[in-house]
Amino acid sequence: MIKSKSIFIGGIWHETNTFSTKKTYIKDFKSYQWHEGQNMIKKNLKTNTEIGGFLDIFNQKGFRIQPSLFAAAVPSGIVTKKTFLKIVQIILSNLDKDDIDGVALALHGALVVEGIDLPEHFLIKTIKNKLKKNIPIVATFDLHANLSLELFEICDMLIGYDTFPHIDMGERGKEAAMFLCKMIETEKKPKKYFKKIPIITVPQMQSTNEFPMKEIMETVFNSEQKKDIELISISPGFPYSDIKDLGITITGYGLNSKTLNQECDNLIDQIYKNKNNFSPQFLTINELDKKLSNFKKIKKPIVIADPSDNVGGGALGNNIEILEILIKKKLPGTIVIWSPFLKEKKYKDKYFNGYVGSNLIKDNNKLIKIKGDIIFNKSNFSYFRDGLYMTGQQVKMGNVLVVKTKFNLKIILTENRVMPFDDKHIKVFGINPKKEDLIVTKSGSAWKIAFGKIAKTIFNVDTDDICSSNLKRFNFTKIDNKRYWPLNE
Ligand SMILES: [Zn+2]
């Protein structure tokens, strides 16, 4: 009997904000997504995740799957060396090098580790060194990947998300798996293209449903229809990272180098022409204060996006500048605030009278006093995402308190940092977003999947935090600032 093909799968997912002082440890991976061995199959089967997509295709093909570890942490500061090396070691310990025909990895592509340059490249190199033969390797990456030439060169194919807010993780996983199967079956690898453009963009200008990214993605899809083109990905990248590989990256694969270069070069021209359309519009906190003075007249629901405190971009989600205004003006609505003190402190009363915000970081000692009825109080609370974003994934909120003020402002305090990828993260507390006057969301663009359709008024506000829309606030030391837009303006 012929033995069926065997595929090694695994991954590490982290978007590292190097401007955060909150380092990322092994416990941060274990408390978010830690799928080891067979558990990786159990947790991801039929989910809209890259691993879910891999499993679909390899199962259809009747291939054997060698699962290792998929580890993910909520975006935060630099990952410690010890943490990363432990993850690499567990991934490798599951590798049966004698019995493997292909490797499929789910990477994010914006991981930064203390003392290890190019960590994703390091992981693949370590896997490769252990393998006996030159078998094909594919990896998926997020639209926020800061891809390096080194990573591009070591992988046979890199497959990036086409959507932001990201809803195509499952599809991209399937695509990566299909290309891997094709390389195994034909024993041929495609021609490749890689180029990086010195343009840095902020998440709220990267939505693929809006101009200019929408038009740029249409060009990508048109090019992919052409004969000899297998795949083109564009990664605008993650700007809050002081590394050498910032900028927009184009990667492409095809059967004919000439056609591939032509299509990718055209795409690059289009991006350059659109450079200024990536400039974000935002209100300052004082401008927001003024706007809200007209609260009664503003069309509701109002969504106030606080991209600067974007949990999905590594900020803490405890910035209270907007909350201060809501309390000062006694405005009704909903806001989520990260409250790590809930880990230790248990509340038995029906009434809350205390301070929120966090003094986790020394220079961020801002706290605000809130008072109100505790309308929800649960330990170790979690739910499963039912939106388009990472559908089926479990969200562990930890200990949760919902405090309702006299003027109907619901302040959701969560022990863990939560990303607003779906409206269930407020619905689970009996809050109907459609009926809210105002929702504050700490997010760049991801919130649009949850609340984009119901928002009648949107205010983008730049608070003073580590995912600011104003990139000139940051000190980039690893790139030539004079070469990079918008730093050079
Ligand atoms: Zn992303």
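I began at the end of helix 11 (residues 321–329), where Lys-330, just after the helix, takes a positive phi of about 55°. The model is a predicted one, in which local features need pLDDT of at least 70, side-chain atom pairs count only at pLDDT 80 or more, and totals for chains, interfaces and linings use all residues. Residues are numbered from 1 along each chain as its sequence is written.

I then looked up burial in helix 11 and found Glu-321, Ile-322, Leu-323 and Leu-326 buried. A residue is called buried if 20 or more other C-beta atoms lie within 10 Å of its own, exposed if 12 or fewer, and partly exposed in between, with C-beta atoms placed from the backbone. Against what do the buried residues of helix 11 pack? They pack against helix 10 (285–291) and against strands 10, 11 (333–338), 13 (367–384), 15 (409–414) and 16. I count two residues as in contact if their C-beta atoms, placed from the backbone, lie within 7 Å.

I traced an open sheet of eight strands with mixed pairing, in the order 12-13-14-15-11-16-10-17. Strands pair here if DSSP finds at least two bridges between them. Strand 12 (351–357) and strand 17 are at the edges with a single partner strand each, so one side of each has no neighbour in the sheet. Neighbouring strands of this sheet are turned by 35° against each other on average, direction ignored; the axes are lines fitted to C-alpha atoms, for helices over the stretch in contact, and angles run from 0 to 180 degrees between N-to-C directions.

I followed strand 10 (residues 302–305) on both sides. It runs parallel to strand 16 (residues 438–441), joined by four bridges, and Ile-304 has Val-440 as its bridge partner there. Four bridges also join strand 10 to strand 17 (residues 457–460), again in parallel, with Ile-302 opposite Thr-457. Within strand 10, Ile-302 and Ile-304 point one way and Val-303 and Ala-305 the other, and all are buried. In a regular strand the side chains alternate between the two faces of the sheet. Strand 11 runs parallel to strand 16 through two bridges, and Thr-334 stands opposite Ile-439.

I found another open sheet, of six strands in the order 2-3-1-4-5-6, with mixed pairing. Its edges are strand 2 (33–36) and strand 6 (157–160), each with a single partner strand, so one side of each is left without a neighbour in the sheet. The twist averages 15° from one strand to the next. Strand 2 and strand 3 (residues 64–72) run antiparallel, joined by four bridges; Gln-33 stands opposite Ala-72. Helix 3 (residues 50–61) packs on this sheet, touching strand 1 (6–13), strand 3, strand 4 (102–107) and strand 5 (137–141), and its direction makes about 170° with that of strand 1.

**Domains and core**

I noted two domains, domain 1 (6–278) and domain 2 (285–468), with bounds from an automatic or database domain assignment. Their C-alpha centres lie 31 Å apart. The contact takes 27 residues from domain 1 and 27 residues from domain 2.

I looked next at the largest nonpolar core, which has 130 residues; Ala-104, Val-138 and Ile-304 have the most contacts inside it. Such a core is a set of buried Ala, Val, Leu, Ile, Met, Phe, Trp, Tyr and Cys residues joined through C-beta atoms within 7 Å. Helix 7 (residues 169–186) gives the largest share, seven residues. Beyond four places in sequence, Ala-104 is in contact with Ile-7, Ile-9, Phe-54, Val-138, Ala-176, Ala-177 and Leu-180.

**Two single residues**

I placed Thr-80 in the loop between strand 3 and helix 4 (81–93). Thr-80 counts as partly exposed because it has 17 C-beta neighbours inside 10 Å. Its C-alpha atom is separated by 5.4 Å from that of Glu-114, 34 residues apart along the chain.

I placed Leu-231 in strand 8 (residues 229–235). Leu-231 is buried, with 22 other C-beta atoms within 10 Å. Not counting residues up to four places away in sequence, Leu-231 touches Ile-159, Glu-224, Gly-252 and Tyr-253.
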